[in-house]
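Hi,

Here is the structure I said I would pass on. My notes follow below it.

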Amino acid sequence: MADKQPLIQPDRGQEAISIHLVNRDGFQGWVKNLSASQRAALEAQKFDGSGYQVGIVPDGDSWFAVGGVANPDELSSWCMARLAESLPAGTYRRAEGEPGPALHGWQTAQYVFDRYKQPERPVGPRVLLTKEVKAIDPAIAEAEAVCLVRDLVNTPAEDMGPAALEEQCEALAKKHSATLKVTKGDALEQEYPMVHAVGRAAARHHAPRIMQLSWGKEGDPVLAIVGKGVCFDSGGLDVKSATGMLLMKKDMGGAAHAIALADLVMGAGLPVRLHLLVPAVENAISGNSFRPGDVLKSRKGLTVEIGNTDAEGRLILGDALQRASEEKPELILDFATLTGAARVALGPDFPALMAREDATAETLIAAGKAHDDEPWRLPLPEAYREWLNSDIADTSNAHANSFAGASVAGLFLDKFVGEGIDWAHFDTFAWRPQAKPGRPKGGDAYGLRAAWHMLRARFGGG
């Protein structure tokens, strides 16, 4: 989106098509002010003000649009998204008031993943005007971050392997004059042994690595953002089914979220010392795959017995969280497409949130509710820590029963976060199985906006 015409522009009184927003309760009163032919046009379109309806109303030699919303006085991120999806190319303005939060969905509704297939009938940009000029740049940046997550997740694993994620981090570092360190090969095996073990079976051009980006003033509060970058997950020797593998290009969705969030932090100039860590691997199958029953060393020094090679994301995150903890951060946020258990519990729309501090969880949830990106908190129960006990190692990476899978995975990660560090973990799906207004089927961001608005409130700036 960044290299195209901005879809949100300042309203300076230029020519534009009007958009009226109504709901079912107010529709009959509103429609009385229209002419008989205009009412007939809406009746022919079966428009009655229901949510996400779109109507076209003739008006002399021109026309205006009308959209159905739940409440014209309290708009959501998505209430104008169907209009942005359905209307012809052109410039529009809301007739009664400003679009406010609907600026977000107006932009994300026009997202198209066209890397491999061009739309049969492409539509030009639908530009929305607003007099709230100060809201434009933040709204554009936020929508671009969401669309970046979509682009990265939608790209197949052959074109979005560890090297491609490294390129994304390189571009991010260049954009914001940040420092990037990439560790791979023998150095990776020595410094991040679990990242190396998970990724060592991949072909050479998908070799494992970890990217560490640093930005900001040394004296500012340290913020660490970590993202799981499993670019494809076969399950390893505990191989997934064909159905289970079908969407595994999205298993780097945590890395996509982390990269997009770091871009927002740096773009807004938040007064933090940022550390972005992206461990990137392919969990492949070959003669040198790590095995069930193996015991891996970790960067922290803990030994980990492998109960299941398909519980690999927590292994690479363990090394990355340990490295993040070494910077003594004020806050660590990590994102991962970690467990199917979180999806069983919460479905695709609510990212599971686990946090050490109640106050941090509460601010993340509040920020998510305010911006239509609500996480749902799951516990980190002390009583379940024993399920990760191993007879021959410091811990196992998987428990033997089928209970509380998301929470137990969170408890494993907690072992690698430094003592006393404020830490929150998002177990996010990164995929939308069914389209909704402003949110097409495919890769998507869950928890990103909640995290971003919490960070803005906590650290200020921007």
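Leu296 stands opposite Val304, which lies in strand 13. Please note that this is a predicted model. Strand 13 covers residues 303-305, and its pairing with strand 12 is antiparallel, over three bridges. As background, strands of a sheet pair through backbone hydrogen bonds, either parallel or antiparallel.

Next, strand 10. This strand spans residues 229-233, and five of its five residues are buried. Strand 10 is therefore largely enclosed by the rest of the structure. Its link to strand 11 (residues 273-283) consists of four bridges, and the two strands run parallel. If you want a place to start looking, find Gly229: it stands opposite Ala280 in strand 11.

Which residues of the two helices meet? From helix 5 they are Ala141, Glu142, Ala145, Leu148, Val149, Leu152 and Val153. From helix 10 they are Gly253, Ala256, His257, Ile259, Ala260 and Leu264. By type, the residues of this contact divide into ten nonpolar, two polar and one charged.

Last, Pro440. This residue is found in a loop, between strand 19 (431-432) and strand 20 (442-443). Is Pro440 buried or partly exposed? Its relative accessible area is 25%, so Pro440 counts as partly exposed; buried would need a value under 20%. Setting aside neighbours within four places in sequence, Pro440 is in contact with Thr108, Tyr111, Arg150, Arg432 and Ala435. For orientation, take Pro440 and Leu353. They are 87 residues apart in sequence. In space they are 24 Å apart, C-alpha to C-alpha.

Best wishes

Terms used. Residues numbered from 1 in each chain as written. Predicted model: local features only at pLDDT ≥ 70, side-chain atom pairs only at ≥ 80, totals over all residues. Heavy atoms only, no water. Contact = heavy atoms within 4.5 Å. Nonpolar A, V, L, I, M, F, W, Y, C, P; charged D, E, K, R; others polar. Buried < 20%, exposed > 50% of the residue type's maximum accessible area, 1.4 Å probe, protein only. Pairing = 2+ DSSP bridges.
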